[in-house]
Amino acid sequence: SSTVLGAGGLSVTYGVTAGSIAISGSTFTVTNAGVISAPSQPGVRAYLGSDQVVAPNIYSIIYFNNNDYQNGNLHSTTNSSGTFIIPATGLYFVSCLLKPDQLGAAVGRFIVSIVNGSSVIVGNETQFLASTDVNYPGVYASGMVKLTVGDQLKCQCYQTSAGSLNI
């Protein structure tokens, strides 16, 4: 194998069966078949372990209190800000699924959106009709977005029923 050093700390080590590229402390490998492995790719699955009450006619930040698959320290369950802090500039798939526990006679709009600061980056809306049917779908907002290191994302909900809903 051979190592080539370049400006800015770029080093490329290559051999017969696989190569390794290190850029600014991040390492990924490329096999001679062209398969790329990026083990330090940031990601997290955050979810609610208990209900959160969402009042009507106001945007409510969702405070996810559990994490799975945390890689990159995007979200902390110990702070109460509901914030996901982007650790590296790049293209991200972001999503948020929310479903009220009981609609009962609730009538109104239910909006789920993901914001970066004060700008909505993805969102979705549905209209609920008076129903006792509990087989309604949740509202899902998702998309591919370009984000910059330090961007701060939050999932928020807005609903227009006559009272508060548990999600």
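User: Is Tyr158 buried or exposed?

Analyst: Buried means under 20% relative accessible area, exposed over 50%, and partly exposed in between (1.4 Å probe, protein chains only). Tyr158 has a relative accessible area of 16%, so it is buried. Tyr59, at 46% relative accessibility, counts as partly exposed. This is a predicted model, in which local features need pLDDT of at least 70 and side-chain atom pairs count only at pLDDT 80 or more, while totals for chains, interfaces and linings use all residues. Residues are numbered from 1 along each chain as its sequence is written, and side-chain values use heavy atoms, with hydrogens and water left out.

User: How many disulfides are there, and which cysteines form a disulfide?

Analyst: A disulfide is a covalent bond between the sulfur atoms of two cysteines. The criterion here is a pair of cysteine sulfur atoms within 2.5 Å, and the count comes to one disulfide. Cys96 and Cys155 form it, with their sulfur atoms 2.1 Å apart. The torsion about their S-S bond is about -75 degrees, so the disulfide is left-handed. Both Cys96 and Cys155 are buried.

User: What is the average pLDDT of the protein chain?

Analyst: pLDDT is the predictor's confidence in each residue, from 0 to 100. The protein chain averages 78, and 69% of the residues score at least 70.
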